[in-house]
Amino acid sequence: MSETWMIAGGWMAAGLTIFLFSFLYRDNPFFKAAEHLYLGAGMGWWFQVYLFNIWKPKVWEPLLSGDFFVLIPAVLGLSLVTQFIPRISWISRYGFTFMMGYGAGLAIPATLSTDFMSQIAGAIQPFTALATMTPMMIFNSLVVAGGTICVLFYFFFSVEHKGAVKKISNIGIYFLMIYFGAAFGNTVMARFSLLYGRFDDLYTFSGANYFYASQILLIALVAYFILHSFLGGKKTEEEEPAH
Amino acid sequence: MKETLQKFFKMDRRWIFLVLAVVLFVPIMRPLGLPNKTISRDARNAFDYVDALKPGAFLLLSLDYDPSTRPELHPQAVAVIRHAFKKNLRIGVVTYIAGSTGLIEQIFETVPKDYGKVYGTDYVIFPYMANAAAVMTQMSSDFYGIYDKERNGKPVRDMPVMQGIKNYRDMALVVNITGTSILDWWVAFVGDKYNVPVVGGCTAISQPGYGPYLQTKQLKGLIGGMKGAAEYESLVKEPGKGTSGIDALNLAHLLVLALILTSNIILLIIKHL
């Protein structure tokens with residue numbers, strides 16, 4: 001890629017990032033433009049992916065080389081489009097039937113083995129080797145097995161939750177809360193990582209080799225907001241502040 | 001006094017956004033070098049598993065993330081690839097996320113040169129494929145039934161990097177770095193079914209959900225989020241974007257803790273006034 005295109009790309013990336021972040025201050029035309037551009041570019045991107053990465057190598061090229069069997073999945077796939085024409089939408093059932101059968105056949109055995117049997121075995125197995133385990137390992141195994149049973153009790157609704165059952169299911173709630181807490185903490189960390197990533201890019205584009213793209217665009221946007229407020233731009237219903 | 005304290009809860013949220021932006025931006029401009037002293041068991045297991053492979057072993061690397069999760073997953077991928085090249089492993093790169101292709105090119109434009117690795121001999125990049133589950137299943141019987149050409153259309157069967165590789169049995173390890181549920185599929189459709197060791201890399205959000213697979217050793221190791229990337233970088237001794245991000249993450253977490261503590265203390269004071 002030539003240097004000019006790299007610089008142009010840097011300006012585009014810095015501009016779109018700043019425009020999208022500007023919504024945190026207040027809705028504005030730059031945010032709207034970036035939002036619409038994102039949607040349009042996304043649609044265009046997926047269209048070319050389907051065309052050049054799926055349709056061309058998986059349907060068009062095999063057909064040209066005389067492999068007409070690809071017509072079967074291609075027609076089944078096209079049948080889904082008939083959903084948009086109510087009069088012949090029943091044809092789409094053939095495509096959906098194939099997808100359902102194929103999906104269920106692929107997923108059910110694998111899920112039963114991976115997420116069901118292996119997990120039950122994983123919760124029980126440590127107790128077969130207690131003699132070789134350290135006290136901490138035994139404690140961990142007890143927590144895992146106990147937690148699994150308590151949470152399962154919480155989701156067992158065929159028995160009224162009172163007495164001992166209520167106590168066990170309440171312990172299950174604590175296990176669930178610990179999981180949700182860990183998941184939320186990790187979510188916060190993940191969001192900060194993404195924000196850090198954007199800021200890192202903005203810092204890259206603020207260099208002299210990108211002609212100070214980040215600073216110039218940021219100053220321009222701040223100038224817009226100042227001018228807009230001085231010129232008495234009225235807040236419309238859509239232009240509410242972000243708080 | 002009570003009214004003054006209550007103003008804290010009516011504070012314009014944009015001030016918090018601004019403080020957060022400053023807290024995240026400052027370490028980028030002036031790295032503080034805060035230490036990353038803890039290496040999680042799962043990241044170490046992932047490292048140990050790759051480290052134990054013999055030179056020349058084939059590692060199938062499935063990079064399934066797009067720019068939306070790049071800050072977390074790109075450093076993980078770079079660290080794993082550097083480790084594999086250091087160990088002289090052969091790498092085959094596959095992807096089931098179309099948005100990954102550009103990011104994969106970005107890595108392989110620079111990293112192989114650092115280790116003198118040659119395309120076709122030491123590593124190969126396969127084209128994007130749709131329908132990951134079908135591809136994974138079909139690869140078990142005949143790898144070349146799916147991937148007969150690399151991403152530029154050249155036949156791969158005779159490439160030195162693919163010597164002796166027919167299906168999963170010939171592969172030493174599958175490493176999947178993803179921001180999607182594709183890692184679950186690698187475990188279910190490949191790891192469990194064909195007894196292929198699988199190591200994962202995922203976003204911090206997905207990390208707690210993989211605990212059960214790690215406990216049962218269905219996953220041999222897991223690199224989680226930017227923190228995991230930093231851990232793997234320190235194990236490989238190749239500091240990168242993960243390590244430099246730790247400063248910012250530490251400061252941002254401190255800010256969140258400070259805000260939570262402050263608001264709770266203020267709330268307690270208000271209640272007792």
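I shall speak about a strand of chain B and then about a helix of chain A.

This is a predicted model, in which local features need pLDDT of at least 70, side-chain atom pairs count only at pLDDT 80 or more, and totals for chains, interfaces and linings use all residues. Residues are numbered from 1 along each chain as its sequence is written, while chains are lettered from A and ligands numbered from 1 in the order in which they are written.

Let me start with chain B. Helices (H or I, at least four residues) and strands (E, at least two) are DSSP runs, numbered from the N terminus. In strand β1(B), residues 58-64, six of the seven residues are buried, that is, 20 or more other C-beta atoms lie within 10 Å of their own, with C-beta atoms placed from the backbone. Strands count as paired if DSSP finds at least two bridges between them. β1(B) runs parallel to β2(B), residues 90-95, with five bridges joining them, and B:Ser62 stands opposite B:Val94. Six bridges, also in the parallel sense, link β1(B) to β4(B), residues 173-178; there B:Leu61 has B:Val175 as its bridge partner.

I turn to chain A. Helix α7(A), residues 213-230, has buried residues A:Ala213, A:Ser214 and A:Leu217. They lie on the same side of α7(A), because they cover an arc of only 100° around the axis, taken from the directions from the helix axis to the C-beta atoms. Just after α7(A), A:Gly232 adopts a positive phi of about 70°.

Technical notes. A residue is buried if 20 or more other C-beta atoms lie within 10 Å of its own, exposed if 12 or fewer, and partly exposed in between; C-beta atoms are placed from the backbone.
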